[in-house]
Amino acid sequence: MADKNQLKFPNQFLWGCATSAHQVEGGLTNDWSEWEKSERRSNYLQKLNRNPADFVSGLAANSFVEQNADIACLKELNLNAYRFSVDWSRIEPQQGVFDETALETYLEFIKKLRASGIEPLVTLWHWPIPLWARDLGGWQSSKIIEPFCRFVEKTVNYLNVEVNFWITLNEPMVYTSQSYLGGIWPPQKKNLVAYYQVINNLATAHRRAYDIIKGIDNNNQIGIAKHNIYFEAKDNKFINRLLKTVADWWWNERFLNKIKDKQDFIGLNYYFHNLINYNFGRKYDYAKKSDMGWGLHPEGIYYLLKDLKKYNKPIYITENGLADKGDQHRSWYINEILKNVHKAIEADVDIKGYFHWSLIDNFEWSDGFEPRFGLFEVNFQTFERLARPSAQVYADICRNNRIFN
Ligand code: BGC
């Protein structure tokens with residue numbers, strides 16, 4: 001007898017986890033790895049009384065070597081999908097010189113996923129770029145677009161037989177704001193013009209890459225992973241609604257609108273709620289917060305999903321998760337998020353998959369190794385993976401394709 005407290009998900013729903021190359025692979029040389037070791041970065045961290053060595057990605061979780069350990073984690077979770085990224089600098093260490101061994105290693109990994117019944121979603125760019133691309137001017141220069149397209153063509157041709165889903169870009173708006181407006185991530189610029197140029201170059205790169213990937217195989221499904229924020233207008237006041245319209249347009253919609261005729265699905269990354277009360281990010285009394293102080297607001301994903309319905313494309317939640325070393329809130333959060341995803345499905349939004357961030361603990365960009373996003377804890381000395389209790393909860397959801405209300 002069906003349990004009325006059960007909320008079933010559609011057949012064929014993709015249950016996954018997500019990671020990115022720079023955060024887990026280890027052994028990379030790209031603009032990020034060099035920046036992590038730079039004097040500027042080191043001085044800054046020392047002033048904060050932090051040990052610069054804790055903020056160098058180094059071997060990360062050693063995933064490029066530990067393929068089987070990662071696959072064991074995916075299997076333990078009963079996943080049928082995995083989103084990960086390939087690293088451009090590994091595949092093309094020098095401009096025009098492609099490393100076939102690297103491509104072969106990625107292919108082997110993908111074949112192992114397939115053999116375990118796991119659908120790969122491959123992200124082609126999750127932030128770092130090769131040093132030679134940085135020296136061309138990085139994403140601020142339109143000179144990067146041609147080489148990016150060549151890299152995409154080479155990689156997709158190589159992996160295409162085994163891959164159906166491609167994510168060209170991860171969170172273009174987050175990257176541009178942190179790297180070109182906020183001065184936080186490499187190349188640490190605070191320049192409105194550069195910010196604008198980078199957004200445009202990324203949109204052009206996606207549009208061109210889309211045609212290339214479709215040209216290789218018209219069945220390929222292509223999208224980006226878009227970081228959207230749930231902007232909420234406090235008390236529905238006119239001024240707050242007006243600010244919400246502007247924020248939605250700039251942060252949530254503008255990039256998607258630029259590429260809307262060149263995407264087969266929408267990838268949504270959800271982390272933030274922002275309460276607007278005559279200003280952005282007004283104090284909100286979150287009952288629960290992540291280790292990074294991010295307020296956990298699972299209801300927000302419902303509104304974002306409803307809003308994305310207007311694009312009339314299938315939606316995958318390509319990231320959602322939290323830093324929670326003690327695993328206090330993760331099970332609760334996953335369940336609440338999925339309740340809201342289910343509610344959106346009931347409201348006729350075409351949602352086809354959910355990817356938890358993250359499979360394993362990893363290198364959290366400028367925050368180093370401290371934030372722990374993994375369903376599996378990683379010992380960064382031995383690279384051992386150890387399931388946190390929430391992994392069991394997620395594994396049960398994935399196996400049974402349902403949550404409890
Ligand atoms: C990024 C990930 C990151 C995660 C947690 C997302 O914005 O795509 O690379 O680790 O958020 O901060």
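**Ligand shell.** I sorted the residues around the ligand by class and found six nonpolar, three polar and three charged residues. I note that the model is predicted. The shell consists of Gln 23, His 126, Trp 127, Asn 170, Glu 171, Tyr 271, Trp 294, Glu 319, Trp 357, Glu 364, Trp 365 and Phe 373.

I then looked up distances to ligand oxygen atoms. For Gln 23, a polar side-chain atom lies 2.7 Å from an oxygen atom of the ligand. For Asn 170, the corresponding distance is 2.9 Å. In the side chain of Glu 319, an N or O atom is 2.9 Å from a ligand oxygen. The protein buries 95% of the 310 Å² that the ligand exposes when taken alone.

**Salt bridges.** I examined three of them together with the accessibility of their partners.

Glu 34 pairs with Lys 37, with the closest N and O atoms 3.6 Å apart. Glu 34 is partly exposed because its relative accessibility is 30%. Lys 37, at 54%, counts as exposed, because the cut-off is over 50%.

Glu 119 and Arg 114 meet at 3.1 Å, N to O. Glu 119 has a relative accessible area of 15%, under the 20% limit, and is therefore buried. Arg 114 is partly exposed at 29%.

Lys 352 bridges to Asp 350, the closest N and O atoms being 3.1 Å apart. I recorded Lys 352 as partly exposed at 35%, and Asp 350 as partly exposed at 36%. Finally, I noted one network in which salt bridges with shared partners join Arg 114, Glu 119 and Glu 162.

Notes: Residues numbered from 1 in each chain as written. Predicted model: local features only at pLDDT ≥ 70, side-chain atom pairs only at ≥ 80, totals over all residues. Heavy atoms only, no water. Near = heavy atom within 4 Å. Polar contact = N/O pair within 3.5 Å; in protein donor to acceptor, adjacent residues only side chain to side chain. Areas by Shrake-Rupley, 256 points an atom, 1.4 Å probe, with all protein chains shown as cover. Nonpolar A, V, L, I, M, F, W, Y, C, P; charged D, E, K, R; others polar. Salt bridge = Lys/Arg side-chain N within 4 Å of Asp/Glu carboxyl O. Buried < 20%, exposed > 50% of the residue type's maximum accessible area, 1.4 Å probe, protein only.
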